[in-house]
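User: Could you walk me through a few features of this model, one question at a time?

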Amino acid sequence: MTSVSTNCCRLTERRTKKLSPMFFPIHTNFRRMPLTVEFTVPGNPVGKGRPRFTKIGHAYTPKETVDYEAHIRRCYKEQCGDTMLDGAIRMMLMVYVPVPKSAPKKKREQMLLGEIRPLTKPDNSNILKGVEDALNGVAYIDDKQICDHDGIHKFYSENPRIEVTLREV
């Protein structure tokens, strides 16, 4: 198993050696196994905003959504370079939202330990859609390649961020 680490991105690729029926190596041809890409998007998570319409009926994406999607793409390129996944993909998100400043000390500790989970906006489906759309053409050709989700797990943290894991299936 080969593992390469650059910044916060971890690429993992397994390779197996082809053997002859008699188990003697004929050549050193390697077969490619699934690739896993992990990277972190620092900052408060932002969900995908609903499209807005002008007075004459033209639709546009809100500026906050456009900026956050650009931030996700920039983080991916900085941490993972030009790594592109092909084929079917499984995605998992670990979302860490900030603890409210108004939370009492005891409740704050419970939040940081994961005993109290966030029930705040943005909701999971909007976060997922924002990340999927941001990585179109950067991590994969189209988000239609994502055929599996290992889940979107939301927690409180002093360090808000999204940790994204993409794995070829």
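**A strand residue and a helix pair**

Analyst: Happy to! Let's begin with Ser157, which is found in strand β7 (residues 146-157). This is a predicted model, where local features need pLDDT of at least 70, side-chain atom pairs count only at pLDDT 80 or more, and totals for chains, interfaces and linings use all residues. Residues are numbered from 1 along each chain as its sequence is written, and side-chain values use heavy atoms, with hydrogens and water left out.

User: Is Ser157 buried or exposed?

Analyst: Buried means under 20% relative accessible area, exposed over 50%, and partly exposed in between (1.4 Å probe, protein chains only). Ser157 has a relative accessible area of 12%, so Ser157 counts as buried.

User: Which residues of α1 are buried, and where do they lie on the helix?

Analyst: The buried residues of α1 are Thr65, Tyr68, Glu69, Ile72, Cys75, Tyr76, Gln79 and Cys80. Seen down the axis of α1, they fall within an arc of 120° (taken from the directions from the helix axis to the C-beta atoms). They therefore line one face of the helix.

User: How is α1 oriented to α3?

Analyst: α1 and helix α3 (residues 124-134) pack with their axes 9 Å apart, at an angle of about 60°. Angles under 35 degrees count as roughly parallel, over 145 as roughly antiparallel, 65 to 115 as roughly perpendicular and the rest as oblique. That makes α1 oblique to α3.

User: Which residues of α3 make the contact with α1?

Analyst: Contact means heavy atoms within 4.5 Å. On the α1 side, Glu69, Ile72 and Arg73 take part. On the α3 side, the residues are Gly130, Val131, Asp133 and Ala134.

Definitions and conventions: Helix = DSSP H or I, 4+ residues; strand = E, 2+ residues; numbered from the N terminus. Axes fitted to C-alpha atoms, helices over the stretch in contact; angles between N-to-C directions.
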